[in-house]
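Work through the exercises below with the structure open beside you, and try each task before you read its solution.

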Amino acid sequence: CNECSYSFKSSGNLIKHMFTHSDEKPYKCLECSFACKLAGGLKKHEVLHSFAKPYECYVCNYKCKTSSCLKTHMRIHTGDKPFKCSECNYCTITSGSLKTHLRSHTGERPYKCSECNYSSRTSGDLMRHKLTHSSDKPYKCSECNYSCKFSKDLYCHLRIHTGEKPYKCRECSYRCSQSGHLVRHMRMHTGEKPFKCIECNFTTSQSGDLKRHLKIHTGEKPYKCGECDYSCIKAGTLLRHMKKHWRKARLI
């Protein structure tokens, strides 16, 4: 190459390399405005417009469109978590997840709702929040009356009917229908507790546990007894309280 010190065995590779020194992008997608410098890049992009998912996981029935997606997926089975947080012991399988996690340390919430003052750490959280401003549930189950706002939620729901549990624990015989359930389960084996209280030293493996714990600091008691003025933090605690009223009613 007369622009740098790179050298090649074939003229074809030199021609491809020369595009790196140019802004020219001769390979253009017919479906959208995407353009790139190499034919291989266009070929990979065109898969996104097709329904083809040529890459298959040999452990479960997961399929995807690109080899990089399959490589990331395989980390679920291998337990490999190469992306590590410099602030705590959190580690994850994708760089995007680490970037999102770091916002829990910085407090950054770049995604803002245009309807209210809600803001979030991820675009997905904002998308789900926006549906609270709408009652539309376009995705419906053909087996029961379940309906939802996201296609992925319907896909996960259908596993209830099929009994499919593609996610397997490598430490024990546990299997589940959703990857998120497997992530939570694995914390039982690793002892990881990524959810930390900002008011005290409480840590937990479940976000729901942290949410309930924070009510201790805020004084919020959303579960109220319909028989007396008792209120509490947990639904289970209210249920135990209600049994006292039921026992008294049977004695009368």
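This is a predicted model: local features need pLDDT of at least 70, side-chain atom pairs count only at pLDDT 80 or more; totals for chains, interfaces and linings use all residues.

Residues are numbered from 1 along each chain as its sequence is written, and side-chain values use heavy atoms, with hydrogens and water left out.

**Exercise 1.** Find how many salt bridges there are, and decide whether Asp80 and Arg75 form one.

Solution. Start from the rule, by which a side-chain nitrogen of Lys or Arg must lie within 4 Å of a carboxyl oxygen of Asp or Glu. The count by this rule is 8 salt bridges. Asp80 and Arg75 do form a salt bridge, at 3.9 Å from N to O. Next, recall that buried means under 20% relative accessible area, exposed over 50% and partly exposed in between, with a 1.4 Å probe and protein chains only. Asp80 is therefore partly exposed, because its relative accessibility is 39%, whereas Arg75, at 16%, is buried.

**Exercise 2.** Describe the salt bridge between Arg212 and Asp209 and where the two residues lie.

Solution. First, the distance from N to O in this salt bridge is 2.4 Å. Second, both Arg212 and Asp209 belong to helix α8 (residues 207-218), where they are 3 residues apart, about one turn of the helix; helices here are DSSP runs (H or I, at least four residues), numbered from the N terminus. Finally, Arg212 has 35% relative accessibility and counts as partly exposed, and Asp209, at 28%, also counts as partly exposed.
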